Amino acid sequence: MQKTFIKYTFIIMTSAIMLILVINFLFTLNMLENRQFDTFYAKTEQMIHTLQNNEEELHLLNQNLDEDYLTRARAAAYVFERQKEVSMNVSEMQYLADLLNVDELHIIDETGFIVSSSVSEYIGIDMDNHPQTRPFLAILESRDEDAYLVQDAQPNAAEGRIMQYVGVARKGAKGVVQVGFKPTRQLDAQSRNTYDYIFSRFPTDIGEELYVVDAASGTVLGHSDGLHNDFDADCYQLSSLLTCKTGGYKEGRDGQNMYVFCRAYEDVLLCAALPQSILIQRLWRNLLATLSYLLFIEAAVILLLNYLVRQKVTSGIHHIIDNLSAITNGNLDTAVCVGGNREFEELSRGINTMVKSITHLTDRISAIIEISGISLAAFEYENSLNRIFVTSGFGGLLDLSEKQTTALYKSPAQFDRYINELTQTPIRGEEDIFQISEEKYVRIHMTRSSEGYLGIISDVTKDVLQKKQMQYENTHDPLTKLYKFDYFKQQAAEILQKMPADKICALVMIDLDNFKSINDTYGHDMGDEYLRTFAASMASLSPEHFLFARRSGDEFCMMLHDCESKEDLIRYLDVFYETFQAEEIPLSQTDTITISASSGFAWTNDQTAQITDLLAHADEALYHVKKTIKGRYAEFVSETAL
């Protein structure tokens, strides 16, 4: 009977496999075309995304560099206004250009001639003689003392070199201060927006072609294999491509048939093509793979059916023996259920009753813990057993849902993995306390052995929160909520020690201007509000680069870290000043005041530098600012450097 059943099963399944192959053959080619369409669509989508990102990057780069260049030009004008003794000869001009980190520096007098320059050949050039230089004469004609012009990169008048120039009106004298830059970064960004560059970022499959065609003229603007090939084939013609927006077959190079897809983007067509022969190869591979899978499934099903038939005619005692073996190995969830005769059924019920009595042991332990009133849970896991023992309070203490708890109880391997992952990361300073949620902490005390482990869980949230509050009060100023000075120095020292070699940092000492006058005039409550407002503006800045503390009274300190360069550091200092200077504090019903602060900073790129030395240097720079300009910041300059 078993052989006859397997014989007819084999005939039926083989016939079904042949029918499936016929149907699969009819639909696979269309499926491959659709899949190729989706692949080409995704690639063109990535190309469009790349083009858009490159254009946006170029725009942002130009915008940021224009602002930076304008700042340098104004800095140059400031130098010429303040330093009357500058001789403006070529070497001095070149020295100033190097200090300002610009490639060229020129001074244009009121008649439109370059009278001083870091490039000697440019002296005497008439700005009115060339379209590139002429626009800067508008600054001379303007009555605006802050007039400026930021010119796009283009060939300059003197040598035809690609340069970008920025001009600003001179201070205290009629004329223009002009700085020039080599637009290396802009040209590099523009080179990344070419089709050749974009194609180099997209690897092609064997035989696959990616190309771009002008939607107006039909000219091939770019190709993944370069533009040295002939593009006379039908698959490159504009009239043919317009019919391939949903995919289609066109003749390609060497007369081979190509599956072609195109997509319009702005004024071009993004196209992709693949030889039809490759699709046919994929079709046959798919059919052979399908046949292999079906034959494997047929063999597996026949073997399974053979197994089931054999099991149905085998004595039930073997099944009971297997179940008892599983229970002995610790799988207490095994339910013995053997039918066929009354003796097997009674034996199955007796075994199941005995196992159930064992599994209720954890319930009795849970009841004892609940009677004690202690927030406690216990668990046990043994490597050799396919079973865990857990008391009822386990899920509640670990903030697990009923569904999550049930899943852990049903899978000892998952339970073991969860416990090990949970106990890997205790909170700082503790060995057996772990954070479960934002405001919940538990102590997990475990005893491990080669056979497994036993653990007890208790809720210690109240103790941990009290300890954290004490730590916070020890390290934070109660009025401003900023770090206390001693803790700040510890944190700053750690940051400096871990600072990468290519980064710099600075220590800044800050003193609020006229704070005593505010206290004396409007009272200490208003003075406290003034301090809190200043501290809040400091705390609003990104901790990625800023670390703040209150030193004492109206004195504060700050660390700027992870900066790329000194210019980057200065930019963050400017952000800091802009932030607190934007705050207006009402002193009375009629009076308001804007926060004013003086600061000095000392920077370093040396990981071994001492925080105390940097703070002392910053304090010296602060003292200089308080004695001179107030309301600004200044860099510490050693007497040796002077």
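Modeller: Rolling a probe the size of a water molecule over the atoms shows where empty space is left. In this predicted model, the second largest pocket holds about 370 Å³ of space, and among the 16 residues that line this pocket, those closest to its centre are Ile-427, Arg-428, Lys-467, Lys-468 and Gln-471.

Biologist: Which elements give two or more residues to the lining of the second largest pocket?

Modeller: They are helix 14 (461-475) and helix 15 (485-498), and helix 14 supplies the largest share, with 7 residues. By residue class, the lining of the second largest pocket divides into 6 nonpolar, 4 polar and 6 charged.

Biologist: What is the volume of the largest pocket, and which element gives the largest share of its lining?

Modeller: The largest pocket has a volume of about 2400 Å³, and of its 45 lining residues the closest to the centre are Thr-71, Ala-75, Lys-566, Ile-570 and Tyr-633. Helix 1 contributes the largest share, 12 residues, while the elements that each supply at least two residues are helix 1 (2-82), helix 2 (90-100), helix 18 (566-581), helix 19 (611-627) and strand 24 (633-635). The lining of the largest pocket comprises 18 nonpolar, 10 polar and 17 charged residues.

Biologist: Why is strand 1 described as largely enclosed by the rest of the structure?

Modeller: A residue counts as buried when its relative accessible area is under 20%. In strand 1 (residues 104-108), 5 of the 5 residues are buried, so the strand is largely enclosed by the rest of the structure. Glu-104, His-106 and Ile-108 point one way from strand 1, Leu-105 and Ile-107 point the other way, and all are buried.

Biologist: Which strands does strand 1 pair with?

Modeller: Strand 1 runs antiparallel to strand 6 (residues 176-181), joined by 5 bridges, and there Leu-105 stands opposite Val-179. Strand 1 also pairs in the antiparallel sense with strand 2 (residues 114-117) over 3 bridges, where Ile-107 stands opposite Ser-116. Strands 1 and 2 form a hairpin with 5 residues between them, and Gly-112 in the turn has a positive phi of about 90 degrees.

Conventions: Residues are numbered from 1 along each chain as its sequence is written. This is a predicted model: local features need pLDDT of at least 70, side-chain atom pairs count only at pLDDT 80 or more; totals for chains, interfaces and linings use all residues. Side-chain values use heavy atoms; hydrogens and water are left out. Buried means under 20% relative accessible area, exposed over 50%, partly exposed in between (1.4 Å probe, protein chains only). Helices (H or I, at least four residues) and strands (E, at least two) are DSSP runs, numbered from the N terminus. Two strands pair if DSSP finds at least two bridges between them. On a 1 Å grid over the protein atoms alone, a cavity is a set of points where a 1.4 Å probe fits but cannot get out, and a pocket is an open set with protein on both sides within 12 Å along at least five of seven lines; lining residues have an atom within 4 Å of a point. Grid points are joined across faces, edges and corners, and a volume is the space filled by probe spheres set on the points. Ala, Val, Leu, Ile, Met, Phe, Trp, Tyr, Cys and Pro count as nonpolar, Asp, Glu, Lys and Arg as charged, and the others, Gly among them, as polar.
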